[in-house]
Amino acid sequence: MDGPGGGQLPAAAPSRAKLPLGIVFSTALFCGESAAAAVLCFSYSHSDDHFWLALTIFFVLCPSVLVQLTLTFVHRDLSRDRPLVLLMHLLQLGPIIRCVEALVVYCRSGRQEEPYVTITRKRRLRQGYAVEMEQEVGHSMRRLATHRNAFKRMAVIQAFLGSTPQLTLQLYISILEKYVPAARAILMGICLVSVTYGALVCNILAIQVKYDDYKVQLRPLAFLCIVLWRSLEISTRVAVLVLFSTVFKHWIIPIALANLLVVFFLPWVQFWWSGARLPDNIEKNFSRVGTVVVLFAFTLLYASINMFCWSAMQLKLADRDLIDKSQNWGLLAVYYVARLVENAALVILWYFFKTDVYENICTPLLVVQLLLGYCLGIYFMLVFFQYLHPCRQLFRHNVAHFLHCVCCRRSPGSLERLEAPHEPGVRHSIV
């Protein structure tokens with residue numbers, strides 16, 4: 001609801017650039033993971049572990065190439081004369097030069113007054129009221145916003161196409177060898193931080209797209225709650241998959257492919273069933289084939305995220321923003337119930353068919369810890385949506401209402417699909 005003041009909007013305030021800490025942090029994670037992987041690869045080469053060496057290099061280079069392409073795509077550098085930047089991208093050092101560019105823009109932003117490029121109009125929630133605010137956006141702010149958008153997408157790609165497979169691989173090797181060298185432990189720690197940060201970025205992007213007309217800002221307690229939710233959810237999921245794969249080496253591949261392909265094809269089946277046309281706003285210079293390729297790549301990333309954690313958004317290929325802006329409590333509940341059942345089944349099968357590798361581990365306690373850890377992650381998720389979501393005042397119904405309907409065996413009806421408010425303005429996009 002609007003504030004009691006009503007009437008005319010206050011004069012647009014000049015925007016002030018904020019230190020791009022997210023860009024610096026993403027670059028540090030990228031460099032740290034690459035350096036730790038390089039040290040570990042050197043160790044594998046000395047011990048003649050050529051198979052582990054090849055897989056480790058693959059899970060470093062593959063996401064790195066995708067990161068370079070993403071940064072180039074967002075900044076549209078292929079149509080500009082920037083040979084040094086393109087060379088850095090070819091050398092897989094694109095994030096470093098982009099981070100330096102962002103810091104230079106930030107340092108120069110406050111030195112001289114610059115004409116604004118546009119004026120943004122957003123709403124800010126204050127004590128139950130939505131107060132409209134206008135803000136001037138200058139050239140520096142616009143360039144920093146482009147850098148931030150590019151690095152958010154880079155963080156998600158690095159996390160779920162690089163860090164998560166790398167973490168799974170190194171944990172699997174550690175269990176087989178019953179030994180964790182320092183280089184491998186450091187790499188796994190960086191990968192866990194990277195994937196947790198990537199999941200956090202997914203939450204922020206989903207909120208920004210769904211509530212595009214509102215100024216969204218996470219409080220420290222909400223930030224901590226998401227970190228606990230995501231770290232518990234992802235770490236327990238990875239541990240369950242690795243334990244199962246150590247016993248059922250041939251079954252883990254079809255299970256992983258089934259998880260990936262079901263989520264990958266579901267948005268395309270829904271799109272085909274709706275009879276809609278492909279969105280034409282992804283990139284004006286793209287042909288129809290180029291648009292399909294980009295959508296397939298984006299759907300692959302979406303499926304990879306959902307294999308390990310909730311993606312915080314549902315794809316809707318017929319929509320101009322490519323996501324469903326409704327808050328679907330029913331789908332959220334189905335995902336976590338199905339994932340909890342799957343994790344329980346996999347870890348119980350591992351418990352009954354485990355080998356002597358785990359003779360020095362209290363396996364019943366480990367099973368309980370993994371299941372309780374995942375349930376604790378779900379608990380922090382519910383706490384976030386019920387009490388700490390930055391736009392929870394806009395929910396017509398919250399988690400407590402949905403759970404009440406389920407417990408009372410009443411049809412949630414309109415509770416499952418709650419449309420987020422949408423008004424014209426500056427639009428966020430996930431592509």
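1. A nonpolar surface patch is formed by Leu84, Leu87, Leu90, Leu91, Leu93, Ile96, Val100 and Val104, with about 700 Å² of accessible area together. Such patches join nonpolar side chains (Val, Leu, Ile, Met, Phe, Trp, Tyr) within 5 Å, from residues with over 30% relative accessible area and no salt bridge; areas follow the Shrake-Rupley method with a 1.4 Å probe. Helices H3 and H4 each supply at least two residues of the patch, and Leu84 lies in H3.

2. The model is predicted: local features need pLDDT of at least 70, side-chain atom pairs count only at pLDDT 80 or more, and totals for chains, interfaces and linings use all residues. Residues are numbered from 1 along each chain, and side-chain values use heavy atoms, without hydrogens and water.

3. The axes of H3 (residues 83-90) and H4 (residues 94-109), both helices being DSSP runs (H or I) of at least four residues, come within 7 Å and cross at roughly 140°.

4. Val85, Met88 and His89 of H3 meet Gly94, Ile97, Arg98 and Glu101 of H4, contact meaning heavy atoms within 4.5 Å.

5. Within H4, Arg98 and Glu101 are three residues apart, about one turn of the helix. Arg98 forms a salt bridge (side-chain nitrogen of Lys or Arg within 4 Å of a carboxyl oxygen of Asp or Glu) with Glu101, the closest N and O atoms being 3.6 Å apart.

Technical notes:
Axes are lines fitted to C-alpha atoms, for helices over the stretch in contact, and angles run from 0 to 180 degrees between N-to-C directions. Patches are made of residues with over 30% relative accessible area and no salt bridge: like charges are joined within 9 Å, nonpolar side chains (Val, Leu, Ile, Met, Phe, Trp, Tyr) within 5 Å.
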